[in-house]
Amino acid sequence: MDCDCTIDAELRSEISALLTPPSPAQVDKYLDEQIKSSNRHCYGIKIKQNGELGKGVYADLGFKEGELLLKDQMLVGLQHSSNKIDCLVCSFCFRFIGSVELQIGRRLYLQELGVSASQGCCQTDYSSEDDDLGDSGPSSSSCKEKVPLPKGFAESLMNGGLKLPYSDKFPLPPAVPCHGGCGEAYYCSKLCAESDWDLSHSLLCTGEKSEAVSREALVQFIQHANDTNDIFLLAAKAVSSSILKYRKLKVAHSEEQENKPNVSGIPYPSLLLEAWKPMSVGHKRRWWDCIALPFDVESSDEVAFRMQIRELAFTSLQLLKAAIFDEECKSLFSLDIYGHIIGMFELNNLDLVVASPMEDYFLYIDDLPYPEKKEAEEITRPFLDALGDDYSVCCQGTAFYPLQSCMNHSCRPNAKAFKREEDRDGQATIIALKPISKGEEITISYVDEDLPFEERQALLADYGFKCRCPKCLEEEP
C-alpha cells in the first residue's frame with residue numbers, strides 16, 4: 001500500500017510548527033490555567049519542568065495517606081465500543097444514565113439478541129479498601145450460569161412497565177439523546193449534550209444535523225475503528241475539537257476586525273496553533289514508533305509490524321479526511337500529525353473506569369433484613385440469574401488527562417488512580433498512598449510495581465525510558 005500522504009510533503013513548515021513543543025513559559029501558563037480551572041479539584045499541587053525528565057507534579061502542601069490529590073477532567077475520552085452494549089452512560093461525562101430498570105433491561109434485551117460483548121467484570125477498585133467483600137457478590141449470582149428470562153420481561157424493564165423494588169434508592173439522570181439525531185450518543189443532561197456537540201460531536205455525529213462533510217464516509221471511518229482499534233475514535237475527537245476551536249477563534253478574530261474585508265476561506269496559522277495548544281503540551285511520538293511490540297511478534301518481524309501499524313493509521317486517516325476535512329485546517333490531516341496524536345494517547349492514556357450502579361443495587365438487596373430481602377428477591381432474583389456473573393460490568397474506556405499525564409513513574413509510587421465511592425463519572429481521581437510532604441514529587445506507577453525487576457523494565461522500555469527509581473536501583477543486578 002502507498003502510504004505517502006501528500007499533505008505531509010505540501011505543508012512541511014506548518015506541520016513542523018504544530019509538532020514543535022511550546023516554550024517552557026507557554027507550558028507553565030497553560031498548565032497553571034488547568035490547575036486553576038473550576039472543573040478540577042487540584043488544590044495543593046503544582047507542575048514543574050525539568051529539561052531532562054520533562055514535566056512532574058509536586059505537592060504544594062502536605063497530604064495524608066488516602067487524601068485526594070487530584071480530580072482531573074479529561075481532554076478527550078471514549079467508552080470502548082464493546083462496552084457500550086453492557087453500559088449506557090453519558091457520552092460526555094460517562095455517568096450511568098436512565099434507571100436501574102433501563103440498565104438491566106437493556107443488557108438483558110441485547111443479551112437475548114445475542115449481541116452482548118461483555119469483557120467480564122472490571123478489576124479496578126472503586127471504594128474504600130476497608131470494604132472487604134471478599135470474592136462474593138450477591139448470593140444468588142455466585143458462579144451461576146445465566147438463566148434466560150421469559151419473553152417480554154426485558155422489554156418491560158426498558159419501557160417502564162416493570163419497576164424493581166428499592167430501585168428508587170439508586171436514582172440515575174434521565175437519558176438525553178443527541179440532538180443531531182445519530183441515535184448513538186446519549187447524555188445525562190442537556191448541558192453535557194451541548195458541551196459535547198460544541199467540543200467535537202457536531203463533526204462526528206452521524207445524524208441528520210451533523211456538520212460532517214460526508215456522513216457516509218464518517219460511518220465508514222467509525223466502522224473501521226470499531227473493527228481495528230478504537231484509539232482512532234479518540235484521535236478523531238482530538239482533530240475535531242481542534243477544528244471547531246479554530247473556527248470559533250476565527251469568528252472572534254473576524255468580529256474584532258470590523259473594518260477589514262471578509263476573511264472567510266482565509267486560513268490563520270496562528271489561530272490554528274492556538275486551537276492546537278491543548279494537544280501540543282502532551283508528550284508525543286509517532287504511534288508506529290512507540291507502540292509496544294506484541295508478545296506474539298518476533299523481534300525479526302518488528303520493522304514489518306511497525307509498517308503495518310503505519311498503514312493502518314494511514315487508512316484510518318483517509319477515511320477521517322473524507323468525513324470531516326477542513327481546508328483551513330489541512331495540516332491536521334497529515335499522517336505525521338495523526339501518528340503523533342495517536343502516539344500521545346498510547347504513551348499517556350489512563351483507563352477510564354466508572355463503577356456500575358447495578359452492583360450497588362443488588363448488594364443492597366442482598367443486605368436487606370428478613371423478610372424484606374425474601375420479598376425483594378422474589379422479584380430481583382430472576383433478573384440477577386439472567387445477568388449471571390456479569391451483572392456488575394463497569395463502564396470501561398480510555399482518556400487523556402492533561403494534569404495526570406504530567407505525573408512521572410515510580411516503581412515505589414506515593415499515589416495511584418483510585419475511584420472512591422462518590423466518584424461516579426469519568427474524571428481521573430488520584431489519591432495519596434502514603435503521607436506526602438510539601439515539595440515532594442507525586443508519582444504513580446505506569447506498570448504493576450509487584451512484577452519482577454526485568455519485567456518492569458521491559459514494560460517501561462515501551463514508554464521510552466529506563467526506570468532509575470530507588471526500588472529499581474536496589475533490585476538491579
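Predicted model: local features only at pLDDT ≥ 70, side-chain atom pairs only at ≥ 80, totals over all residues.
Start with the helices. H7 spans residues 215-227, and H8 spans residues 231-256. Their axes come within 7 Å and cross at roughly 140 degrees. Angles over 145 degrees would count as roughly antiparallel. H7 and H8 are therefore oblique to each other. Who makes the contact? From H7, it is Phe221, Ile222, His224, Ala225 and Asn226. From H8, it is Phe232, Leu233 and Ala236. By class, that gives 6 nonpolar and 2 polar residues, with no charged ones.

Now the salt bridges. The structure holds 25. I will take three pairs.

Glu274 pairs with Lys277, with the closest N and O atoms 3.3 Å apart. Both sit in helix H9, residues 269-280. They are 3 residues apart there, so about one helical turn separates them. Glu274 is partly exposed, at 33% relative accessibility. Lys277 is partly exposed too, at 25%.

Next, Lys330 and Glu327. Their closest N and O atoms are 3.8 Å apart. Glu327 is exposed, at 51%.

Third, Arg468 and Glu476. Their side chains meet at 3.0 Å, N to O. Arg468 is partly exposed, with a relative accessible area of 46%. Glu476 also counts as partly exposed, at 29%.

One last item is a network. Salt bridges with shared partners join Lys71, Arg420, Glu422 and Asp423.

How values were computed:
Residues numbered from 1 in each chain as written. Heavy atoms only, no water. Axes fitted to C-alpha atoms, helices over the stretch in contact; angles between N-to-C directions. Helix = DSSP H or I, 4+ residues; strand = E, 2+ residues; numbered from the N terminus. Parallel < 35°, antiparallel > 145°, perpendicular 65-115°, else oblique. Contact = heavy atoms within 4.5 Å. Nonpolar A, V, L, I, M, F, W, Y, C, P; charged D, E, K, R; others polar. Salt bridge = Lys/Arg side-chain N within 4 Å of Asp/Glu carboxyl O. Buried < 20%, exposed > 50% of the residue type's maximum accessible area, 1.4 Å probe, protein only.
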